[in-house]
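Here's a quick tour of one protein model. We'll look at a pair of rings and then at a pocket.

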Amino acid sequence: MNGLAGQIDAKREVGEAVCQRLRAEIDKLGFAADAIIPYPHYGQAHFELVKDPYTGAENLAAYWFNASNNQRLGRLQFNSDGSFYAEYDVVKPHPSKKQWFVEGVSAWGKPDAMKAEAKLLPQL
């Protein structure tokens with residue numbers, strides 16, 4: 001599929017699965033239901049095509065922003081080889097492990113081999 005709209009539609013199923021995985025990683029940390037707003041949702045992203053410097057292909061990129069100050073909260077990059085990388089900011093102390101600070105969550109891989117993890121930093 002060509003063009004931005006075509007890419008968005010073509011990647012929808014995988015994009016929604018990636019967003020679900022990011023949300024699941026946030027939920028596993030144990031935050032209260034209203035502590036992380038907004039959660040990443042594919043349909044709420046801002047999309048654009050970005051040129052892959054290695055292959056020259058146009059890859060789909062999705063970005064999420066904070067509505068109050070337009071600060072970027074996360075991104076999802078689809079690569080021309082079928083892989084993807086996503087990250088979403090949490091930026092909060094861990095809700096149950098006070099020695100850790102949660103920077104964010106990330107997901108990567110291919111649709112049939114998705115990995116994800118929280119990015120934790122030692123609390124100062």
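Tyr 88 is buried, because its relative accessible area is 2% (buried means under 20%, exposed over 50%, partly exposed in between, with a 1.4 Å probe and protein chains only). This is a predicted model, where local features need pLDDT of at least 70, side-chain atom pairs count only at pLDDT 80 or more, and totals for chains, interfaces and linings use all residues. Residues are numbered from 1 along each chain as its sequence is written, and side-chain values use heavy atoms, leaving out hydrogens and water.

So which residue does Tyr 88 form an aromatic pair with? It's Trp 64, and the pair is edge-to-face, at 5.8 Å centre to centre with 75° between the planes. (Rings of Phe, Tyr and Trp, using its six-membered ring, pair if their centres lie within 6.5 Å; planes under 30 degrees apart are stacked, over 60 edge-to-face, the rest tilted.) The whole structure has 2 aromatic pairs.

| Residue | Relative accessible area |
|---|---|
| Trp 64 | 3% |
| Tyr 88 | 2% |

Trp 64 sits in strand S2 (residues 58-65) and Tyr 88 in strand S4, 24 residues apart, so this pair links distant parts of the chain. Strands here are DSSP runs (E, at least two residues), numbered from the N terminus.

(A pocket is an open set of points on a 1 Å grid where a 1.4 Å probe fits, with protein on both sides within 12 Å along at least five of seven lines; lining residues have an atom within 4 Å of a point.) Of its 13 lining residues, the closest to the centre include Ile 37 and Leu 73. S4 gives the most to this lining, with 5 residues.

Terms used:
Helix = DSSP H or I, 4+ residues; strand = E, 2+ residues; numbered from the N terminus.
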